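Please load the model and keep the sequence at hand.

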Amino acid sequence: MRDFVEIPKEKLRLLFSDLLKGYCFSNYQNSRVSIKHLTYSDIADVDIKYSYYLEEAKKGGVPTAEEREKCLIEEGSWNANKNKQIKDYYLFIDGMRETKAKLFRQSEVEQLNKTIKETETKLKELETEKFQLLQCTAESFASKKITEYQIFKSLFLDLPDDKGGGKLLFNEEEYDNLSDVELSVLVNLYNDKLIFFNERNFKRVALSNFFLNSFYLCENNPFVFYGKPVIQLTLFQIEVFSHAVYFKHIITNGQSKPPNHVLEDPDKLIDWHNASQSMKEQIDKGRKPEDMVGMTSKDRELLGIQQTSNPHDKLIQAAQKKGAPLTAQEIMRLQGVL
């Protein structure tokens, strides 16, 4: 499980600006450097390198994660029950999300969100414990080397271009000769700059007015929006565009307009959309909102359901005005029978 660092709302436009360029700037040894965002072509190269580093580690006698885990279980530092618990947590979270998608009462949705968050916290604790134990494996070695390689291929003295041009900050020999301390500085520089480039913030960008104002003009065509073939787009650009297509579908095809406070939060918008769809299914089956137990005025307002008048309200008001119980004849007259 990953924690997403949320960027302040007022800085979303700056994040989008970097995303559009396909790179961002940072400072290294009092000089400005650019950090290129990866494309699918870059990822293919990274995957090849990862396989190479993994095989090199295995040939050098470094145990795999599976072999290391087996040893940990034998010595009692880890146990198979914790693996099962991790798997069960994932299944439970998936099940809760499927259940939540079928609910329309906000109190139930909020309770499930709370349960999901609590379970995710427990899952993260277990996975962190396992990750810390599974150090010094072939996979951890390959991951470390590939992170360093990825940074090497991302840092430029000038501006990178779509075809992989531009002058890298280091050549291979220079990079290979960097000390651990120097590598650590570069890793921190890279991570500090890209920490806000995550799914949560990409969804927030995709829902922002400054993004949607242009996006609605491109007819869901990434080439029209970015002016580049998809193969040349960065992974970040593709992810934001995909979220925008989905959110546009929700907003334009919903049974009602999402409230403003919902439009400011992608997770709330998705919950609102699922609740609206669930409500529509109930209505299509012949159920009326006023007959659904537990529906509150907040639920009706959120889902855009008009509050229907209670047929007994007229009788109650008439009795209160009269100051005495209504006769059978008066009741029938009020109901239109007479």
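The report goes from the whole fold to one helix, then to a pocket and a loop residue.

This is a predicted model, in which local features need pLDDT of at least 70 and side-chain atom pairs count only at pLDDT 80 or more, while totals for chains, interfaces and linings use all residues. Residues are numbered from 1 along each chain as its sequence is written, and side-chain values use heavy atoms, with hydrogens and water left out.

**Whole fold.** The protein has 17 helices and 3 strands, which are DSSP runs numbered from the N terminus (helices: H or I, at least four residues; strands: E, at least two). Of its 338 residues, 38% are buried. Here buried means under 20% relative accessible area, exposed over 50%, and partly exposed in between, with a 1.4 Å probe and protein chains only. Among contacts (heavy atoms within 4.5 Å) between residues at least 6 apart in sequence, 66% join residues at least 24 apart.

**Helix H4.** Residues 80-100 form H4, whose 21 residues should span 30 Å at 1.5 Å a residue; the end C-alpha atoms are 30 Å apart, which agrees. The expected span is 1.5 Å times one less than the number of residues. Ile86, Tyr89, Ile93, Met96 and Lys100 are the buried residues of H4. Down the helix axis they fall within an arc of 95°, so they line one face of H4; the arc is taken from the directions from the axis to the C-beta atoms. An α-helix has 3.6 residues a turn, so residues three or four places apart point the same way. The buried residues of H4 pack against helices H5 and H14, whereas Asn81, Lys87, Leu91 and Glu98 are exposed on the other side.

A pocket is an open set of points on a 1 Å grid over the protein atoms alone, with protein on both sides within 12 Å along at least five of seven lines; lining residues have an atom within 4 Å of a point.

| Property of the largest pocket | Value |
|---|---|
| Space | About 1100 Å³ |
| Lining | 24 residues |
| Share from H5 | 6 residues |

The volume is the space filled by probe spheres set on the points, which are joined across faces, edges and corners. Phe4, Arg97, Ile116, Glu120 and Asp267 lie nearest the pocket centre. H4, H5, H9 and H14 each supply at least two lining residues, and H5 gives the largest share.

**A loop residue.** Where is Thr137 placed? Thr137 sits in the loop between H5 and H6. Thr137 is buried, with a relative accessible area of 2%. Not counting residues up to four places away in sequence, Thr137 touches Val62, Pro63, Thr64, Ala65 and Arg68.

Definitions and conventions. 1 Å grid on protein atoms, 1.4 Å probe; cavity = no way out; pocket = protein on both sides within 12 Å on 5 of 7 lines; lining within 4 Å.
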